[in-house]
Amino acid sequence: MNVNPHERPADQQPDGGKSNAVEPGNGSTPHLSNVAAGRDILVSESGIHVTNYEMTLRHLRPHPVDRTSVLSETLFVEPQVRHDGDPSSDVPDVSTVEPMPNIVRVLLGPEKSGRRTAALRMLDAMLPEGRRIFELFPDWEEPDVARIPCEPNTGYVLNLAGIQEQLGDTFQEQLHSYAQRAALRGTRLIIIGDDLVWHRTHDGRSDAPVAVLTIKRPDARKIAQRRISADPLRTARVAWLHDSQGVFAGLLKGNEPPGDGVRLAEIVLQADSSRAPEARDRFLDWPEQLKSWFAGSDEGVAERRALQIAAAFLDGSPAVVVLGAADELLADSEVNWPARVGGPLSGGDDTQRCAGADVEFEDDGTVSITRPRPGIDRALLRRVWRYRPQLVPVLTRWLGEISKPGGVAEGCLPRLAESVTYIAEAEGPATVLGLVSDWLLTGKARHVDLAVDVLGRLACDPQLGAAVRKELGAWAKQSSRPERQRAVVAVCRGELSTAYTSIALTRLRYVLDRARDPQTTGETVDVLRVLLQHPLLSARVLQALTEWAASADNDAPSREAFLRVFTPRGTGETWDLPSSLLTAAGRNGRTIRQILQNGLRTLWRRNDARTTAAVILGDWCDAADAGLLPADAVEEIVTVVFAEQADALGDDLDRVIGGATEFRRRLRSRFVDVVRETAARRSASDTGQAA
């Protein structure tokens, strides 16, 4: 059975190496010799082949793409694709482009140009059925071709959405070497990004191993037509797009983002008729509806708008929360809305208030502004932020009040974070980062939680993420702003750690090396402990700690991170962390234990770290004696330092192997064996030199 390496945990993506054939034995059961951990086995009728893969944790994490999700020919509208070095050379059909010699393609175009869809169509056509396609994201500080996997007969899309910096000449040159290796393995790579990422060279030639292509948006009108035509029950509604008496004709000019064509098709298919003005308003992001809500100045307009704004921020939340938040907005000193005479006894009930503001009071007691008008929550927030700037500081203050401990919306922080993210998408991340920074300064737990939630969402956003991740890197270095550093640490514990592991670890390292207060440092170490126990992250985190421990910068606090994560925090310390690493199963477990050995060997060689390393290993041996840690795994780790100490016992080694237990006697026996083997190797070496 040929096991696809990408189906293992992403920490274990191997890169192909030398293949060694292993002959079957004489009996019916195959005999394998020299099969080491970290190899891949291919069993076929002609025998068994063992491939010795060089394990690397530096590869970008591959995200599987279901080939059945690639847009079908029925729905796909061909964009205009040209070879960059030959603008007159149009590519007539991205699905039938000759796959050779362009092993690697760079597909350049603006955001929302359909470049990802086109890239997946290309790969689907270039790879035989059954081969796998993966999407890669730039989890790096600097572009590095060596981090792009190159598994045989596999397709990759490197998605550089949101990246506004050039990959650089070195990257482009290395890409040619990658293309040569990929050609031998049947690997295909397509890089998609903005024009800015690529430095124009002769690589655009149509016969180059690395072909540079440019893409223009497909006709959004055709996209809408195909989507509607694909619906067997409503295919006749294609005519609505051209009905001059209807509301849909002329809504698309053709050069809109492909998503607009899809969205219009969905609205047409859901509309009651071709003359439904609300359907047109929905496609245009509700300008007429919002105009009616925000025009005029009658007596009750402020109360209605407060409820509409609260509903937009808290859509789907309980009525008591939404209405309470609206009342708090009205009570703001700048709004200065007078309290109702009679308090809760006056005015209409909740359903009447919602009806008066044209929002929905649901049967389950929640309030929705989007159920009757999908997407109007985003449109309303964009409108307020853009056209009523005098209201923004009021809303900023109001958001802080309703989200604080005991605030009316303290139980709805995820929805508030989602709404604030909408504003960032419309107005840019800088608008929201200032708001988030103010929340962090309050030091209140609920405000910090809300700020971290928003930052986490933005850091992984397809368009805004690159800029926000860069900003988080700057925050991580700001030792004078510990509240920002702690926020970065909290973000690195969340989705960012799995989506962009290397970037998250680098920011944690920045914090360790720059933080001045013990609380921030302690929180960073705690997050590293948590990430070490994540089954998909443990090997990568451990590898990073090992590399930090070997840093040439002797004054960098991150050099001590490996020791700190394994140093007990108190008498009540459990063995969960070392146990999870020492008992990890399969290939992942072998990789983890190998990295543990490398890390402890590195520390043992450092005079300033050896004593602490000895204390940690001694504690592990005590735990193994007590049955709290697996003795065999502890022995496997401990023996790695024996070769470093083969000349003398020493106090540090005595802390590890000293004692009267059976396990300690076993360790001393292993140490004696290592001493003898070392002496024998030296004797043989001396004899060889004398000869």
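Predicted model: local features only at pLDDT ≥ 70, side-chain atom pairs only at ≥ 80, totals over all residues.
**Cores.** I began with the largest nonpolar core, which has 133 residues. Phe313, Phe566 and Trp620 touch the most other members there. I then picked Phe566 and asked which residues it contacts, leaving aside neighbours within four places in sequence. The list came back as Leu532, Leu542, Leu577, Leu581, Leu596, Ile616 and Trp620. I also found a second, separate core of 28 residues, with Leu60, Trp140, Val145 and Val210 among them.

**Ring pairs.** Next I searched the whole structure for aromatic pairs and got eight. Trp140 and Phe171 make one that is edge-to-face, at 6.0 Å centre to centre with 75° between the planes. I checked where the two partners sit: Trp140 is in the loop between strand E10 (132-136) and strand E11 (154-159), while Phe171 belongs to helix H2 (residues 169-185). They are 31 residues apart, so I noted this pair as a link between distant parts of the chain.

I turned to Trp240 and Phe248, which are stacked: 6.2 Å centre to centre, 5° between the planes. Trp240 is buried at 17% relative accessible area, and Phe248 is buried at 2%. Phe313 came up again, as ring pairs link it with Trp385 and Trp398 into a cluster.

**Charges over rings.** Last, I looked at charges over rings. The charged end of Arg469 sits over the ring of Tyr500, 3.8 Å from its centre. Lys477 lies over the face of Tyr510, at 4.4 Å from the ring centre.

Technical notes: Residues numbered from 1 in each chain as written. Heavy atoms only, no water. Core = buried A, V, L, I, M, F, W, Y, C linked by side-chain atoms within 4.5 Å. Buried < 20%, exposed > 50% of the residue type's maximum accessible area, 1.4 Å probe, protein only. Contact = heavy atoms within 4.5 Å. Phe/Tyr/Trp six-rings, centres within 6.5 Å; stacked < 30°, edge-to-face > 60°. Helix = DSSP H or I, 4+ residues; strand = E, 2+ residues; numbered from the N terminus. Lys NZ or Arg CZ within 6 Å of the ring centre and 35° of its normal.
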